[in-house]
Amino acid sequence: MASTPLFNAFGIPVRAHWSFWFLIFFVAWQLQEPGGIFPAAFGTSLLFMVCFMGCLLLHELGHCLVARRFGIQTREIKMTYIGGMAMFERSPREPRQELLVTAAGPLVNFLIAGLLFGGHCLEAGLSPGAWERGFFFWLMFFNLFLGLFNLVPGFPMDGGRILRSLLALKLPYLRATHIAVRVGQLVAVGFILWAFTPPFSLGLVLIGVFVLFLAQAELMRVRAEEALKQGSANLSRLFGGLFGGPAPGAGNGRSWGFTFGGPPPGGTEAEPSSPEPPSPPRDDSDCVIDMDPDGKVRKVWRKDESDD
C-alpha cells in the first residue's frame, strides 16, 4: 500500500505510510492498558498520540525550514512507523549548514517541552505537588525524551549527523563520516546488549539493528559521492571491477572495462573473443554504451563528449 497524501505544510507535501496509522493505534492501545499512563481511556490515548505525532511533524519541519534558508528544498515529509523522514533534494555538505539543519529538529522538541512546562507552571505553580501526571505532563515528557533520544550519536538519528558536522569542521568529510558511523555502531551494539538485561526488550534490539545497518548505508553513500567526484580510479577502488581495474583484494582478476564521466580511452580494451563484428553502440539516456558480441559492456561515455 502506497503512502497517502495528508496536506501541505509551508509548501512541503506531507505523506503517511500505512505503518504510521498502525503505530498510532497500537501505541494508543498500549497506553490505555492497565498500568499505562491513560488506563481505560482509549479516546484520550488516541488524542495523545495524534498530538505527539504532530510534535514529531514539527520536528521534521524544523529541519526543512532551516534547510530552506540554505537553499536546500524538501521534496516531501513522509511519516512512517519509525517516525518522520524529510526528503531533501540534496544533503548539506558544509559542516556549519549540516549542524544547523540537524540541530533544528531536537530544538523544536525542547521548545515544545519548555512551552508546556511554562504553561503548567503558570497554571499550577512550581511546587512539586502541583504537578499532576496528566495529558500535558506526558506530552512534555515525550517531547523531552524525543529530543534527547535524537541526540544519541548514531545514524540516522540527528546525533550522528551533529557529531559528523562537528568533526568535519576539522577533518575531511569522508573521514568525519567514518568516525561518526563507527561511534554510532558502537552505540547500537550497546543497545542490543542492554536489551538482553532483564526484562528483555525487543524494541531496543530492533533499534540497535536499525542503527547498525543504516549507519553503514550512510558511510557507503558518502564514499560513493567522494569517489564520483574523483573519477573512475576511485570508483574502481570502491566497487571493484565494475568501473575498470582489478577488484579489491585481487578478486577474480576480471574487469568490465567500464569508464565513467569522459570519452573512452584508446587502446585499453581487450580484443573480442569472437570473430563477429562488435555490436554498434546503442543510445541509453544521456550515455553511449558500447558492448561486445557476448553482451559485456566495454565502454560507456557521455553523448556530449567526443567519441573519436
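## Strand pairing

Met79 stands opposite Gly84 in strand β4. Strand β3 (residues 74-80) and strand β4 (residues 83-88) pair in the antiparallel sense over six bridges; strands are DSSP runs of E with at least two residues, numbered from the N terminus, and two of them pair if DSSP finds at least two bridges between them. Two residues separate β3 from β4 in the hairpin that they form.

## Basis of the model

The model is predicted: local features need pLDDT of at least 70 and side-chain atom pairs count only at pLDDT 80 or more, whereas totals for chains, interfaces and linings use all residues. Residues are numbered from 1 along each chain as its sequence is written, and side-chain values use heavy atoms, with hydrogens and water left out.

## Aromatic pairs

The whole structure contains 15 aromatic pairs. The rings of Phe141 and Phe142 are edge-to-face, because their centres lie 6.2 Å apart and their planes stand at 65 degrees. Rings of Phe, Tyr and Trp (its six-membered ring) pair if their centres lie within 6.5 Å; planes under 30 degrees apart count as stacked, over 60 as edge-to-face and the rest as tilted.

Phe145 and Phe149 form a stacked pair, with 5.8 Å centre to centre and 15 degrees between the planes. Both residues lie in helix α4 (residues 135-149), four residues apart, about one turn of the helix; helices are DSSP runs of H or I with at least four residues.

## Exposure and clustering

Phe145 is exposed at 51% relative accessibility, while Phe149 is partly exposed at 24%. Phe141, with a relative accessible area of 40%, is partly exposed. Buried means under 20% relative accessible area, exposed over 50%, and partly exposed in between (1.4 Å probe, protein chains only).

One aromatic cluster is formed by Phe38, Phe48, Phe52, Phe135, Phe136, Phe137, Trp138, Phe141 and Phe142.
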